[in-house]
Amino acid sequence: MFDLILKNGEVFDGTGADGFVGDVAIKDGRIVEIAAQGQINEARAAEVIDVSGLTIAPGFVDMHTHSDFTLIADGRAESQVHQGVTTEVIGQCGISCAPVVSHDAIKMVAPWHTGDAKHKNWLGFGEYLDVLDDTDLGVNVMAFVGHGTIHRAVVGGELRAGEPEEVADMARLVDQCMDEGAGGFSSGLEYFPGIMAAPEHLVPMCEVAASHGRLYATHVRNRDTHYDLGFAEAIATARQSGAKLQISHIQPKYGAPDYAMDHTLEMIEMARRFDCDIAFDVIPHDWNHTLMAAILPKWAQAGGVDEVMKRLANPEDRERIKANPQPMWLIVKAERWSDIVLLNATVNKDIVGMDFAEIGRMRNCHPYDAVLDILLEEGEAMMACMWSSKSFRNSDVDLCLQQDASAVISDTVAIANDGILKDHIGSLSGYGWAARFLQYYVRDRGVLTLAQGIAKITSIPAARLGIKERGVLKVGYHADICVFDKAAIASNATAKHPRRYASGIAHVLVNGKLSMRSGKRTEVNAGSVLREFAAA
């Protein structure tokens with residue numbers, strides 16, 4: 001007896017193989033039979049759903065998100081489930097919710113921390129995963145541990161990378177987190193405190209990841225004028241440590257030369273020829289988003305939020321901040337303020353979606369002062385304040401997508417347009433990244449075939465991460481499945497209206513349970529925390 005049969009759909013197994021019209025049978029959360037159309041006995045099923053004209057694919061695997069805290073606040077993951085995502089990987093760019101040395105430290109390290117959220121506290125990484133496990137999750141979750149959080153646990157907010165004995169302590173702490181269920185190790189070398197770390201500080205921690213067979217994922221130091229130094233550093237760190245390297249959101253930023261993407265791929269290919277294991281991922285959009293506070297030079301980010309606010313309020317410190325010769329975004333230095341929008345704010349919700357040229361005019365001040373004023377006004381919520389800029393090239397995205405080693409990611413957070421997270425935004429494409437990828441790059445422009453596109457968000461990330469028995473439609477695998485209309489799938493989010501759910505998704509199953517049925521979200525949240533992995 002089957003629990004469910006999906007019949008008459010165009011089945012793509014996620015490996016990149018061509019599709020065929022067929023049926024998929026599910027029982028006890030697993031795929032138990034896949035066959036050509038009409039070959040599975042419907043009389044043996046408790047329920048049959050006819051999906052004629054629709055595509056049956058593995059559930060989408062988002063291998064780079066920052067939902068570490070938003071899933072604690074609201075585990076439904078509405079923005080992700082509505083576009084077919086069944087597994088998220090959190091703890092990226094060196095930012096994770098654990099380990100911490102005190103409960104008060106949680107809000108300092110937790111991305112998109114929400115003060116109104118009620119949750120149990122934690123210290124260690126395993127304790128954090130336990131709290132996450134106690135949450136009703138709409139998606140499966142794999143969690144990396146972040147270098148920035150490890151650094152803060154050992155060194156605090158001091159403006160230094162750590163002495164050798166402290167780095168050794170950091171490595172031991174990473175090892176403990178791996179034992180407690182961390183799926184990998186990440187760094188964010190454009191953010192504080194990662195911005196202070198050199199390869200000699202990172203290699204011992206990457207060696208630990210390598211010893212566990214886990215990935216090292218890095219947000220590299222620079223992707224504009226010094227892009228080649230940033231990518232070379234990542235490659236050198238992986239080479240020295242023996243870690244498998246995942247370069248996060250690889251596309252170069254505004255300020256990089258036109259040939260930067262081609263050159264970067266040549267560097268990677270050369271390293272691969274000498275046995276470096278390197279892959280990468282790309283955001284399917286030309287908008288680049290990040291923390292607004294990251295525009296501050298590292299000296300201005302040291303310490304806690306109170307210290308940062310004092311500097312923002314000091315006129316002399318402000319002038320030093322604005323004179324920073326190498327800000328994280330060169331588009332700011334170029335004063336392309338109309339290409340930069342406020343993406344997420346707590347105090348300043350009313351101006352979210354406006355560009356900074358508009359905001360400066362409205363406030364009757366220079367846009368850079370408006371940036372610093374907004375950070376100051378956000379106060380304790382400063383680290384949830386986000387902005388986005390038109391800093392990527394579509395031609396670079398196209399080139400990356402054509403590489404076998406590339407996966408597609410969101411770099412966003414799981415949120416909802418109702419409930420405690422209704423005012424939050426993770427990125428301009430947060431409600432529609434997967435839908436936009438299949439719509440714009442696959443269907444409309446034909447950069448990839450549908451079979452190739454599905455693989456980029458299913459089997460390729462799952463295999464790279466070492467996630468067991470997911471990412472492919474295969475007998476015996478977990479029944480994480482997305483059924484969608486390839487002709488209608490679309491992102492509906494815009495800069496002015498970023499909280500619109502995607503369309504074209506018919507059914508979504510997580511661990512064999514229907515979380516989307518006939519285009520509507522059910523009340524089922526059947527996700528689980530993933531703690532055991534194959535060697536990535």
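The model is a predicted one, so to speak of local features a pLDDT of at least 70 is needed, side-chain atom pairs count only at pLDDT 80 or more, and totals for chains, interfaces and linings use all residues. Residues are numbered from 1 along each chain as its sequence is written, and side-chain values use heavy atoms, with hydrogens and water left out.

The sheets come first. Helices and strands here are DSSP runs numbered from the N terminus (helices are H or I with at least four residues, strands are E with at least two). Two strands are said to pair if DSSP finds at least two bridges between them. Two bridges link β9 to β10 in the parallel sense, and G146 has S186 in β10 as its bridge partner.

Another open sheet is built from three strands, ordered β6-β7-β8 and paired in parallel. Its edges are β6 (60-62) and β8 (140-143); each has a single partner strand, so one side of each is left without a neighbour in the sheet. From one strand to the next, the twist averages 15°. Strand β7 (residues 85-90) runs parallel to β8 and is joined to it by four bridges, with E88 standing opposite V141 in β8.

T87 also belongs to strand β7. The T87 side chain makes a polar contact with the side chain of N140 at 3.4 Å. A polar contact is a pair of N or O atoms within 3.5 Å; within protein, one must be able to donate a hydrogen and the other to accept it, and residues adjacent in sequence count only if both atoms are side-chain atoms. Contact in the plain sense just means heavy atoms within 4.5 Å. By that rule, and not counting residues up to four places away in sequence, T87 touches F60, V61, D62, V139, N140, I467, R470, D480 and L530.

Next come the cores. A nonpolar core is a set of buried Ala, Val, Leu, Ile, Met, Phe, Trp, Tyr and Cys residues joined through side-chain atoms within 4.5 Å. The largest one holds 95 residues, and W122 and F484 touch the most other members. Helix α17 (residues 433-444) gives the most to this core, with seven residues. Beyond four places in sequence, the contacts of W122 include F69, I72, C97, H103 and Y128. A second, separate core has 51 residues, among them A293, I351, I415 and A493.

A435 sits in helix α17 and, at 0% relative accessibility, counts as buried. Leaving aside neighbours within four places in sequence, A435 is in contact with Q83, I489, A490, S491 and A502. By contrast, A435 and G157 are 39 Å apart in space, C-alpha to C-alpha, and 278 residues apart in sequence.

Most residues other than glycine have a negative phi, and most peptide bonds are trans. The peptide bond from A98 to P99 is cis, with omega near 5°, and P99 lies in the loop between β7 and α3 (106-109). The bond from F192 to P193 is cis too, with omega near 5°; P193 is in the loop between β10 (184-188) and α7 (199-211). A77, not a glycine, has a positive phi of about 55°. This residue, A77, lies in the loop between α1 (70-73) and α2 (78-81) and counts as buried at 1% relative accessibility. S518 also has a positive phi, near 55°, in the loop between β20 (513-517) and β21 (520-521), but S518 counts as exposed at 58% relative accessibility.

Definitions and conventions:
Buried means under 20% relative accessible area, exposed over 50%, partly exposed in between (1.4 Å probe, protein chains only). Axes are lines fitted to C-alpha atoms, for helices over the stretch in contact, and angles run from 0 to 180 degrees between N-to-C directions.
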